Amino acid sequence: MTEVQSAGRGFLFFDTSHAGDAVQNIKALLHNGICTPNLHAVFAVSYWVKERIINETEQQIPGIIEFIDLPAAVSEKKRKFKDVFGALRCIRLSEKLADRYHCDQIYFLHLDTFMAGLFIRLFFPSRFFFSGLFFRPLEHYPERFGNNLTLKEKLLSFFKAKIFRRFLASSKIRTIHCYDKYFVEYCQPLKHSDKVRYLPDFSFHPPDMAPPRISIENWIKSKNKFLLFGHLTERKGVLKLLESIKFLDSDHLNASAFLICGKIDRRIQQEIDAVLAELHALGKDKQVHIINDFLDDKKIWYLINACHLVLLPYQRHPGSSGILSWAASAGKPVLAQSFGLLGHEVEKWGLGVTADTGDSKAIALALTCFVQKGVEGIVDANKQAKYKSLHSEKNFASSLLNSLGPE
């Protein structure tokens with residue numbers, strides 16, 4: 001890549017993950033206003049994210065947009081909040097890249113990953129300004145949603161709250177975005193709360209769709225097609241969902257089919273195999289179809305439009321999910337956790353039904369009710385349409401770009 005001199009503001013958007021969130025967010029920015037003469041944008045991302053964006057973006061990416069492949073040693077490591085030194089190394093790398101590409105602001109597309117490292121970095125001089133997207137605030141959950149936090153959640157919330165207030169006090173932090181508007185409201189009494197801005201979570205679904213190459217004929221023919229997709233980790237609830245099938249009676253199960261698609265986290269592969277073996281022994285495995293592979297957006301969009309119910313059996317997931325927008329855009333109901341922001345949004349906007357997804361029997365009961373009654377009474381079509389219009393890629397991109405600081 002050649003070095004480019006910015007004609008106006010220069011932003012380095014930085015993310016080390018292989019997450020679909022980064023792909024969605026960057027595509028939304030590319031399609032909705034980032035290609036302007038007074039803003040020079042550089043994206044420092046993994047090779048996987050860059051290739052997905054290039055392959056899935058319908059229009060040609062303008063030459064004024066720069067993409068940098070992060071080193072494999074940086075982008076292939078799964079980073080956690082407590083990895084302070086790893087975060088510091090990434091922040092230092094982002095500053096070197098910002099200097100090389102003449103950017104004065106660094107935007108972390110997943111701020112949570114770098115919070116602890118950035119907290120330490122702010123004690124030392126830097127000529128750069130920092131902003132980012134804060135995905136998972138927790139401290140307001142007891143007050144706003146009535147959730148009792150576990151000890152682990154309380155500790156994480158405590159440390160994030162301390163770091164967050166340091167961010168508000170620092171002159172080097174420009175903007176902190178969040179998908180949770182209730183957290184933004186919660187922050188209003190705090191000093192410098194004007195730095196905290198709400199962004200609508202969204203989905204970037206393609207203009208057309210394509211069926212997966214793997215045969216899903218039995219799923220397509222089912223009277224009740226249930227769909228779970230994404231990176232299949234324990235926290236996404238795939239294990240609890242499979243366990244819930246054991247509690248479905250034969251008549252309801254025979255009228256249903258489950259399609260689970262996405263890369264399975266290797267850490268839970270043995271547990272998934274064990275549950276599938278139990279289902280096989282019970283004669284309840286024939287309605288379960290698993291595609292252990294990445295599917296592009298066109299195939300996901302096809303499956304969402306084909307299904308009857310989108311499943312989000314997350315396990316105490318803090319924050320939002322773009323899957324709500326995917327489902328609302330297709331007019332499909334969801335089954336989601338009752339915990340936190342996700343459960344609140346589903347109930348407030350009439351997007352589907354919630355359950356205690358930490359309990360397999362509760363999931364089974366919700367699925368049984370759906371098989372018996374269908375969508376009647378669980379979806380408010382008018383509210384769902386309103387949610388869809390508010391949570392658009394255009395609203396996301398314009399809200400982000402308009403709040404990134406002065407010209």
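Predicted model: local features only at pLDDT ≥ 70, side-chain atom pairs only at ≥ 80, totals over all residues.
Local features need pLDDT of at least 70 and side-chain atom pairs pLDDT 80 or more, while totals for chains, interfaces and linings use all residues. Numbering starts from 1 along each chain as its sequence is written, and side-chain values use heavy atoms, with hydrogens and water left out.

**Exercise 1.** Work out why helix H5 is largely enclosed by the rest of the structure.

Start with the cut-offs: buried is under 20% relative accessible area, exposed over 50%, partly exposed in between (1.4 Å probe, protein chains only). Helices are DSSP runs of H or I, at least four residues, and strands runs of E, at least two, numbered from the N terminus. Now go through H5, residues 111-121: nine of the eleven residues are buried, so the helix is largely enclosed. Among them are Phe114, Met115 and Arg121.

**Exercise 2.** Find the partner of phenylalanine 13 in a tilted aromatic pair.

Rings of Phe, Tyr and Trp (its six-membered ring) pair if their centres lie within 6.5 Å; planes under 30 degrees apart are stacked, over 60 edge-to-face, the rest tilted. The structure holds 26 such pairs. In this one, the partner is tyrosine 107, at 5.5 Å centre to centre with 50° between the planes. Finally, widen the view: Phe11, Phe43 and Phe67 are in one aromatic cluster with Phe13 and Tyr107.

**Exercise 3.** Which charged end sits over the ring of phenylalanine 129, 3.8 Å from its centre?

Apply the test: NZ of Lys or CZ of Arg within 6 Å of the ring centre and within 35 degrees of the ring normal. That picks out arginine 174. Lysine 172 also lies over the face of phenylalanine 129, at 4.2 Å from the ring centre.
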